[in-house]
There are 6 protein chains.
Amino acid sequence: MDEINNLDEFKSFRERMNEKILASGHLGIKRFFTLDTNAFQEGALDVRTKEMLGLVSSMVLRCDDCITYHIIQSVIAGVSDEEIWEVFNIGLLIGGSIVIPHLRRAVATLDECRDLETNNPDKLKEQGDISPYE
Amino acid sequence: MDEINNLDEFKSFRERMNEKILASGHLGIKRFFTLDTNAFQEGALDVRTKEMLGLVSSMVLRCDDCITYHIIQSVIAGVSDEEIWEVFNIGLLIGGSIVIPHLRRAVATLDECRDLETNNPDKLKEQGDISPYE
Amino acid sequence: MDEINNLDEFKSFRERMNEKILASGHLGIKRFFTLDTNAFQEGALDVRTKEMLGLVSSMVLRCDDCITYHIIQSVIAGVSDEEIWEVFNIGLLIGGSIVIPHLRRAVATLDECRDLETNNPDKLKEQGDISPYE
Amino acid sequence: MDEINNLDEFKSFRERMNEKILASGHLGIKRFFTLDTNAFQEGALDVRTKEMLGLVSSMVLRCDDCITYHIIQSVIAGVSDEEIWEVFNIGLLIGGSIVIPHLRRAVATLDECRDLETNNPDKLKEQGDISPYE
Amino acid sequence: MDEINNLDEFKSFRERMNEKILASGHLGIKRFFTLDTNAFQEGALDVRTKEMLGLVSSMVLRCDDCITYHIIQSVIAGVSDEEIWEVFNIGLLIGGSIVIPHLRRAVATLDECRDLETNNPDKLKEQGDISPYE
Amino acid sequence: MDEINNLDEFKSFRERMNEKILASGHLGIKRFFTLDTNAFQEGALDVRTKEMLGLVSSMVLRCDDCITYHIIQSVIAGVSDEEIWEVFNIGLLIGGSIVIPHLRRAVATLDECRDLETNNPDKLKEQGDISPYE
């Protein structure tokens, strides 16, 4: 259950802090968060493609939390394992071996998400629903 | 004609240096270049998607030459302006305003490619054919 | 007069591309540009402090265009040379010697701005007025 | 009490390791640490401004420990919440959404510091006093 | 024994994930891992020099896992403390004070490795043997 | 003769700006420059190794001016082509394909330096002598 707890903690801290950020009342930051949400909604590109764009960017910039977020969303959007590994490959090649430690953690997160998808799909959906205020 | 010359110079310097790099005989570097070429060929993801992944990564990492390369390839692969602007938007949002100077140059390159596409499609294809050795 | 021409070219390319970017009609990008403009307007912090924050961020992220922009704005906002050199020092220390080439170019830009300030203050103001659409 | 423990651990590890670093006897590193300390002391810019410069640089470079350090120092130097949120906003805008996970942790640290400021001001001062050797 | 456990956990997670990565069957990623292994084997430069190159790169790119890996390998390859501190100094100077938190953790790792070298050399060798599949 | 002119311009701009930087009288920056010079002088590691450390760091951080500087110094210090290509390979692998445009320019610079070494060794030495004030 460790893995589920990890995603749970991730979600809970995220939510708690996002609420504080919005409660701060800073209009610029609030609008930035809205732009962020909008950018990943269906448009000229579908959600699947956008999530892969977010995932590869997070890999080359080496941000674990961002990678976790976009893997959850990619799995929910129906991106296949074969497709995600192609994204991993491009991220690794462009970003270099410095990306490898993040790739390892990404693989652990992907496993966890696939496990939820099979055994607890409602829980997976809940994990993906982490920006309720936007 | 400035713009066409820019892409021409880009291609010519690239080719000349790529030849020197391969002529160096370093096996590791040669293989890296092969991996790079392979990563962007049709697989579980199509070439269009892969080029957009390359483009967004180049934007958030702020590499003008890489952005130029992936815009040329995206246009050749048939990515529409609407789709490219979605990639620009995601790159800008994830990478921040520090990406803006690169976005400006990317817009100039996109213009140049669309111009070639209309007025000199053979020239555009030639621009995209810049890794003859791989 | 080289230096003035440099700033002129910078301004002219910026303006031309910013217009194209807005003409693209992408709402997300347009709003991002507005957030960017707003962030540097007087608020809980004055414009002087905000421009110094922008300058040091541009230095540690090593973006020449961004450094140029924030030096112009800092000079217009009345930041003294002594203050700018303190910002340079903090940027150099946090960002490391990899910042030095950008510091050299920053010093050339600062010279150019101080020269304009003395000999052609209207021109300097014009240089700073580079986001007319926002 | 978790939060206090976090800052306590941060301080204790920092101190232990800084001592080892100085004990190594490497003159270059020792002098670098001195330059670092000096850069943030009152000069042409006051300590408040310098700490905000350090904070925004740490945000755009995405270094949690550095963010924690400069938040502690900013609070001690009397930077208000309104001012810190302006710094957060500029860091987010320049650095992009990749900064968001660090912003969340920064908000948690700020809360912890404000809590100490109210309930245990001596403890807060102690937290800030983490470079005794310089 | 904490420190040994840290390195143990590092090794165990690495191995488990590396196996999953290879089991994914993605040829590009597999070949990238092979290139990575080959790059650090004796060639025109000896292993000692190559490990120091890997260490300084990991420092300026601020990747703790990569730093840990190259410190282990450097110690096994016979790099002295004096030499490692020179690498630390160059990494700090080029990368700036943003490297300091990583330097602190690097010093803790180096201590742990030297301790193993003295008290449990077989264990140290085992730690270094973390890419059995390549 | 283009290539020689490039290095000449690089040296001339560097010298002119370094002089201005020192003339600014900022003690912190002056001392930083001294630390930088000292770091690359013979110590527990020889100059050759240190220059390779500087070169690989400059590659993974993608700074053309820094790469140029360390190639000049490496050639003067007697690093062979085989050794430099090993450094290039490690920089490429760790830093990823985003390094390739810088690798191309590095190869052009290396050619230029080898040419000077053969045809105008005094000129090469002069190129390397770019920090007279430290």
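Author: One term before we start. Two residues are in contact if their C-beta atoms, placed from the backbone, lie within 7 Å. Also, this is a predicted model.

Reader: OK. Which residues is Arg104(E) in contact with, leaving aside its neighbours within four places in sequence?
Author: Phe13(D), Arg14(D) and Met17(D).

Reader: And where does Arg104(E) sit?
Author: In helix H6 of chain E, which covers residues 100-119.

Reader: Why does Arg104(E) count as partly exposed?
Author: Because it has 19 C-beta neighbours inside 10 Å. Buried would take 20 or more.

Reader: How far is Arg104(E) from Val75(E) in space?
Author: 17 Å, C-alpha to C-alpha. In sequence, Arg104(E) and Val75(E) are 29 residues apart.

Reader: Switching to chain D. Is H4(D) mostly covered or mostly uncovered?
Author: Mostly covered. Eleven of the 13 residues of H4(D) are buried. Among them are Cys66(D), Tyr69(D), His70(D) and Gln73(D).

Reader: What does H4(D) span, end to end?
Author: H4(D) runs over residues 64-76 and reaches 18 Å from its first C-alpha to its last. That is close to the 18 Å expected at 1.5 Å a residue.

Reader: What comes just after H4(D)?
Author: Gly78(D), with a positive phi of about 90°.

Reader: Now chain C. At what angle do H3(C) and H5(C) pack?
Author: About 35°, with their axes 9 Å apart. H3(C) is residues 47-60 and H5(C) is residues 81-95.

Reader: Left-handed or right-handed crossing?
Author: H3(C) passes H5(C) in a right-handed crossing.

Reader: Which residues meet there?
Author: From H3(C), they include Met52(C), Leu55(C) and Val56(C). On the H5(C) side, Val87(C), Ile90(C) and Gly91(C) are among them. By class, the contact has eight nonpolar, two polar and one charged residue.

Reader: What about chains A and B? How many residues are in contact?
Author: 24 of chain A with 24 of chain B. On the chain A side, helices H2 (27-39), H3 (47-60) and H5 (81-95) each give two or more residues. That side has 13 nonpolar, six polar and five charged residues.

Reader: What rotation superposes chain A on chain B?
Author: One of 180°, with 0.0 Å of shift along its axis and an RMSD of 0.0 Å. That is the relation of a two-fold axis. The same surface serves both copies, as 100% of the contact residues of chain A recur in chain B.

Key
Residues are numbered from 1 along each chain as its sequence is written. Chains are lettered from A and ligands numbered from 1 in the order in which they are written. This is a predicted model: local features need pLDDT of at least 70, side-chain atom pairs count only at pLDDT 80 or more; totals for chains, interfaces and linings use all residues. Axes are lines fitted to C-alpha atoms, for helices over the stretch in contact, and angles run from 0 to 180 degrees between N-to-C directions. Helices (H or I, at least four residues) and strands (E, at least two) are DSSP runs, numbered from the N terminus. A crossing is left-handed if the near helix is turned anticlockwise from the far one by less than a right angle, and right-handed if clockwise. Ala, Val, Leu, Ile, Met, Phe, Trp, Tyr, Cys and Pro count as nonpolar, Asp, Glu, Lys and Arg as charged, and the others, Gly among them, as polar. Copies are superposed by least squares on the C-alpha atoms of residues with pLDDT of at least 70 in both. A residue is buried if 20 or more other C-beta atoms lie within 10 Å of its own, exposed if 12 or fewer, and partly exposed in between; C-beta atoms are placed from the backbone. The expected span of a helix is 1.5 Å times one less than its number of residues.
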